[in-house]
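Hi,

Here is the structure we talked about passing along. Have a look first, and my notes on what turned up follow below.

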Amino acid sequence: MMIRYASYFIAALLPLLLFRWFAPASIGEIDFWLLWLLAMVLVSLPVIYAEIALAYRSAEAPLAGMQKLTREADASAFWRGFGWLAALVAIIIAVLVISGASTGMLTALTDLNSTPEVPSFAVAAGLIVIAALLSLLGVTPLPIGLGLMLIGLMFGVANGLPNITFAMTNISLGEWARAVALALVSVGAGTGLYWFGQNRITKQAVAAVGVDNHYAQNPSRAQASSEYRATKLVLPIWILQLLVGMVALFISGMTLPPIGQLLYWAGVIFVASYLLHYSTQQLAHKFGLLVSLVITAVIAIVLVVVIPTIWLLGILVILSTIAVLLLSVFAGWQMKISHLRKSLNFGNEAFYNLWRVAIRLIVPVALLLALIGWVMQWLS
């Protein structure tokens, strides 16, 4: 039952996890809010549709699914890089938030006059190990993490919301870059998380039907297939992201008391464990479960110990943008039109044409402009 709601938990949790890394400097900028909303419509929404369509077509998780889809489309193995990048991006997100959790917990303990004599990187490495062990629980940590994070945020709300002064500012490529980052990274578009979630639901349904050996010939299955609509899956996820994102933008500058911080960051560890679980499951397609768990944990520990947090943020932006670019170009230019039309199953042909224009042209151009904006911002 929990697997069915994993995508919704992720849609609600990622904005709470990641908005603080991109939004605080832009909370009061009305034009930034408008750019974020535009990016949500023009970039995030088409990409989530692409993920769900590819999940339905491949009937496999992202890494295995891309191998199947490239063979089916007679496309280069180069496009399979999306599966590897998606797994790596999930690890980096987990490392980034765990790095923030280690700093936040040490700050809270300092305020409580009980700071342990342990370096921050050692705390972060220890939290990675805990998250890796929790990842063995699969989806179960997600509701626990959400509950702890919400309780922690309630402590902050009790202290008062931040006073935000709204004003219009000059629009720049740097601002567009941050808006696109929020619309992609913070909602998980292009990470393969929704693809993975949909695949787990499909496998669970197939296993349930397969017990009675009715999958191949059961007429109810054929009827369910004909009633499938990608929109029924995508729009609830996207709307939830939009609503939680607006709330996260308002509270991203909020100050939490020490107890609230400890609860919030403990919840973050639980959520990060699902990201490590996802990456482990992807790598398991090639290396087996135990080896993949070790590889995931080692990569995460190395990243959190060796690379500064601000660099991790830059790496995340670049790799996630490249991953989404690969996904959009593959779905828009490599996949057969008839296959995607069946996978999306729009009720109106005009909607399919709009999506195809967005995924082929609008999304790649928007991503390239965002990359230019980030480079200009870093250089300045």
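**What I found**

Let me start with a loop: the one between helix 3 (62-72) and helix 4 (81-111) holds aspartate 74. Although aspartate 74 is not a glycine, its phi is positive, at about 55°. Asparagine 345 is another one to look at: it is not a glycine either, yet it has a positive phi of about 50°. You will find asparagine 345 in the loop between helix 14 (337-344) and helix 15 (349-379).

Before you read too much into any of this, keep in mind that the model is predicted. The mean pLDDT of the protein is 86, and 91% of its residues reach 70 or more. Over residues 214-226, though, the pLDDT is below 50, and this stretch has seven contacts in the model beyond near neighbours in sequence.

Now the overall picture. The protein has 15 helices and zero strands. Along the principal axes, its C-alpha atoms fill a box of roughly 65 × 50 × 35 Å. A compact globule of 380 residues would have a radius of gyration near 21 Å, and the protein agrees with that at 21 Å. Of the 380 residues, 53% count as buried. If you take contacts between residues at least 6 apart in sequence, 87% of them join residues at least 24 apart. The accessible surface comes to about 16200 Å², and carbon and sulfur atoms account for 69% of that.

Which residues of helix 6 are buried? They are Pro141, Leu142, Gly145, Leu146, Met149, Gly152, Leu153 and Gly156. Looking down the axis of helix 6, these buried residues fall within an arc of 135°, so they line one face of the helix. Met154 and Ala158, on the other side of helix 6, are exposed. After helix 6 comes glycine 160, which has a positive phi near 110°.

Cheers

Note on methods:
Residues numbered from 1 in each chain as written. Predicted model: local features only at pLDDT ≥ 70, side-chain atom pairs only at ≥ 80, totals over all residues. Heavy atoms only, no water. Buried < 20%, exposed > 50% of the residue type's maximum accessible area, 1.4 Å probe, protein only. Helix = DSSP H or I, 4+ residues; strand = E, 2+ residues; numbered from the N terminus. Arc of directions from axis to C-beta. pLDDT = per-residue confidence, 0-100. Contact = heavy atoms within 4.5 Å. Rg over C-alpha atoms; globule rule 2.2 N^0.38 Å. Areas by Shrake-Rupley, 256 points an atom, 1.4 Å probe, with all protein chains shown as cover.
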